[in-house]
Amino acid sequence: MNRSEAAMHTTAIPPHLMPETAQAPWGLVPDLGLTVAGSAGMDELYALQDLMAGQGLTLQPTRMLYDRLYALERLNTAYARGDWQLQAAAQELFDAYQRRGEWIGLVH
């Protein structure tokens, strides 16, 4: 089978089955003026950072884009804190990671 025959036999993945990161870029880093293709939007990460700071916790938003173990640990810490707003934000971000194909819950 040559290349053109192989190309005819490939099946395109339907868009609704693809992670969100494969469909659109996420996150704007205003300090750099760049759009970052990542697993979470920077606006949501900055909002989580503000909520965590209010509880005396720290968060590095940019690191949340590339360090899955750090992201899982910070989201767990935020969720376990007990504040309903912090829990809701952490759950929303965790769900966003999962929808976008970043299976951070599988990190050991």
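Arg-74 lies in helix α4, where helices (H or I, at least four residues) and strands (E, at least two) are DSSP runs numbered from the N terminus. With a relative accessible area of 11%, Arg-74 is buried; the term denotes under 20% relative accessible area, while exposed denotes over 50% and partly exposed the range in between, with a 1.4 Å probe and protein chains only. When residues up to four places away in sequence are not counted, Arg-74 touches Met-52, Thr-58, Leu-59 and Met-64, a contact being defined by heavy atoms within 4.5 Å.

The structure is a predicted model, in which local features need pLDDT of at least 70 and side-chain atom pairs count only at pLDDT 80 or more, whereas totals for chains, interfaces and linings use all residues. Residues are numbered from 1 along each chain as its sequence is written, and side-chain values use heavy atoms, with hydrogens and water left out.

The secondary structure of the protein consists of 5 helices and 2 strands, and these elements follow the order α-β-β-α-α-α-α from the N terminus on. Of the 108 residues in the protein, 27% are buried. Among the contacts with a separation of 6 or more, 45% are accounted for by residues 24 or more positions apart. The accessible surface of the protein comes to about 7,100 Å², and 56% of this surface belongs to carbon and sulfur atoms; the areas come from the Shrake-Rupley method with a 1.4 Å probe, and for residues only the protein chains shown count as cover.

Helix α4 (residues 68–80) packs with helix α5 (residues 84–99) at an angle of about 150°, their axes being 8 Å apart. Here axes are lines fitted to C-alpha atoms, for helices over the stretch in contact, and angles between N-to-C directions run from 0 to 180 degrees. The two helices α4 and α5 are therefore roughly antiparallel to each other, a class that comprises angles over 145 degrees, whereas those under 35 count as roughly parallel, 65 to 115 as roughly perpendicular and the rest as oblique.

By class, the contact of α2 with α5 has 9 nonpolar, 1 polar and 1 charged residues.

Ala-90 lies in helix α5 and counts as buried at 2% relative accessibility. Not counting residues up to four places away in sequence, Ala-90 touches Leu-48, Leu-75, Ala-78 and Tyr-79. The C-alpha atoms of Ala-90 and Leu-48 are separated by 7.3 Å, although the two residues are 42 residues apart along the chain. Glu-44, found in helix α2, counts as partly exposed at 36% relative accessibility, and a C-alpha separation of 9.6 Å is computed between Glu-44 and Ala-90, 46 residues apart along the chain.

Two further residues of helix α5 are Gln-85 and Glu-92. Gln-85 counts as partly exposed, at 40% relative accessibility, and stands 33 residues from Met-52 in sequence and 9.9 Å from Met-52 in space, C-alpha to C-alpha. Glu-92, by its relative accessibility of 53%, counts as exposed; Glu-92 and Leu-75 are 17 residues apart in sequence, with 9.8 Å between them in space, C-alpha to C-alpha.

Methods:
Nonpolar A, V, L, I, M, F, W, Y, C, P; charged D, E, K, R; others polar.
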